[in-house]
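Hi,

Here is the structure I promised to pass on. Have a look at it first, and then read my notes below.

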Amino acid sequence: MRIGLYGGSFNPAHAAHRAASLLALRRLKLDRVWWLVTPGNPLKDNHRLPPLAARLEQARGVARHPALVPTGLEAGLGTRYSFDTVAALVRRFPQVHFVWLMGADNLASFHRWQRWDEMAALVPMAVIDRPGCTFPAMAAPAAGALARWRRPEDDAGRLALMPPPAWIFLHGLKSPISSTQLREMSWGKP
């Protein structure tokens, strides 16, 4: 089984999350993509974050695909950081080939994540391009530190089976939609 792990607040989940997941399913030859809807992001102000149950329900309405599985399993595991979540899943499901999925905007700040370098050594990763994020992501400290383990995009279908650290930068998705923009529109901010 090959499972992509796509973590985030999903506040709100939107069509670009779905499109990125479908791109990863196809290009990485995954069986499933689990949306890890987090109880709260340690790097963000969570005071206006809707309840987990509401975000999960909304994410399920957006996913609309049998291979896209929104889940609140981080709350069940009691994990706060992505590294701890991934480590717990790797321990519990040693037969599963996990791949961490993230947008290029997250690669730009990946070096600020708790134990990011250990996470990169735990599972292969796929970075999905986003408009305006390509160059900041590739110039980021984490991209530089992990450069020698970057694989060509042509290897995408084999990524899940590669020993970590291994990562790939996937092109092809250029949706300008972001959760931040959607929240600002709904809250009436400029």
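Thr71 sits in strand 3, which covers residues 68-71. One thing to keep in mind as you read: this is a predicted model. Is Thr71 buried or exposed? Its relative accessibility is 15%, below the 20% cut-off, so Thr71 counts as buried. If you set aside the neighbours within four places in sequence, the residues in contact with Thr71 are Trp34, Trp35, Leu36, Val37 and Leu56.

Strand 1 (residues 2-8) is mostly covered, with five of its seven residues buried. Strand 1 runs parallel to strand 2 (residues 32-37), and six bridges join the two. Between them the chain passes through helix 1 (residues 15-28), and this β-α-β crossover is right-handed. Strand 1 also pairs with strand 4 (residues 97-103), again in the parallel sense, over five bridges.

Next, the aromatic rings. How many aromatic pairs does a search of the whole structure find? The search finds seven. One of them brings us back to Trp34: its ring centre and that of Phe93 are 6.3 Å apart. The planes of these two rings meet at 80°, so the pair is edge-to-face. This pair links distant parts of the chain, since Trp34 belongs to strand 2 and Phe93 to the loop between helix 4 (82-92) and strand 4, 59 residues apart. Trp34 has a relative accessible area of 16% and is buried, whereas Phe93, with 31%, is partly exposed.

Phe110 and Trp113 form an edge-to-face pair as well, with 4.9 Å from centre to centre and 75° between the planes. Both Phe110 and Trp113 are buried. These two residues belong to one aromatic cluster together with Trp100 and Trp116.

Best wishes

Notes
Residues are numbered from 1 along each chain as its sequence is written. This is a predicted model: local features need pLDDT of at least 70, side-chain atom pairs count only at pLDDT 80 or more; totals for chains, interfaces and linings use all residues. Side-chain values use heavy atoms; hydrogens and water are left out. Buried means under 20% relative accessible area, exposed over 50%, partly exposed in between (1.4 Å probe, protein chains only). Helices (H or I, at least four residues) and strands (E, at least two) are DSSP runs, numbered from the N terminus. Two strands pair if DSSP finds at least two bridges between them. A crossover is right-handed if, with the strands pointing away from the viewer, the path from the first strand over the helix to the second runs clockwise. Rings of Phe, Tyr and Trp (its six-membered ring) pair if their centres lie within 6.5 Å; planes under 30 degrees apart count as stacked, over 60 as edge-to-face and the rest as tilted. Contact means heavy atoms within 4.5 Å.
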